[in-house]
Amino acid sequence: MYDGRKGSSSPLHQAIHLLPLAGQAAELRLAERLAERGMSRRHLSVLATLTEHGPHGKADLAARIGLPLAETLPVVQDLLTARLVEVFHVHLDRRHEVVMVNSAGREALERMHADAAAAQDDLLRPLTKGERIQLNALLRRVCAAANRTGPNRTAPPESPAEAQD
């Protein structure tokens with residue numbers, strides 16, 4: 001196994017290969033915890049989006065979470081059945097439905113966030129608290145740069161201050 005303290009000449013031990021493996025391990029741990037509650041990452045995404053951004057029409061909600069409407073509707077139905085969200089009709093024709101999270105949904109979201117924290121703690125157990133903080137900061141920087149540049153563009157040159165970090 002790769003030991004970052006010793007370095008490695010293998011291309012498979014580079015971040016481009018290790019980040020997806022760590023991501024898969026994280027997703028698996030979170031999925032297992034959410035499944036114990038009868039929930040999934042999609043349920044978490046819908047509840048988090050509604051809590052953070054307020055009520056949404058179903059099509060707008062699907063677009064915001066990045067899923068096709070056909071895949072979002074069953075998730076909303078699951079949450080309705082579990083009484084974690086409510087749907088209300090707007091406009092005179094009553095054809096436009098808006099979904100909003102209720103207090104039970106906010107409480108469920110808090111439990112899911114606790115599940116995510118526990119899954120993260122499990123994954124990062126080999127790291128010290130300082131290493132966890134450093135990893136989180138580095139990943140935020142990498143993700144921010146990736147969001148700025150997109151998949152087919154190169155990052156702007158670093159400023160001298162950034163290069164020294």
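Predicted model: local features only at pLDDT ≥ 70, side-chain atom pairs only at ≥ 80, totals over all residues.
1. Residues are numbered from 1 along each chain as its sequence is written, and side-chain values use heavy atoms, with hydrogens and water left out.

2. Start with the overall layout: the chain has 7 helices and 3 strands, in the order α-α-β-α-α-β-β-α-α-α from the N terminus. Both are DSSP runs numbered from the N terminus (helices: H or I, at least four residues; strands: E, at least two).

3. Next, look at helix 2 (residues 41-53) and helix 4 (residues 69-81), which pack at about 80° with axes 10 Å apart. Axes here are lines fitted to C-alpha atoms, for helices over the stretch in contact, and angles run from 0 to 180 degrees between N-to-C directions. Arg-42, His-43, Val-46 and Leu-47 of helix 2 meet Glu-71, Val-75, Asp-78 and Leu-79 of helix 4, contact meaning heavy atoms within 4.5 Å.

4. Then visit His-56, in strand 1 (residues 56-57). His-56 counts as buried because its relative accessibility is 7%, and buried means under 20% relative accessible area (1.4 Å probe, protein chains only). Beyond its neighbours within four places in sequence, His-56 touches several residues, including Thr-49, Leu-50 and Glu-97.

5. Finally, of the 165 residues in the chain, 21% count as buried.

How values were computed
Buried < 20%, exposed > 50% of the residue type's maximum accessible area, 1.4 Å probe, protein only.
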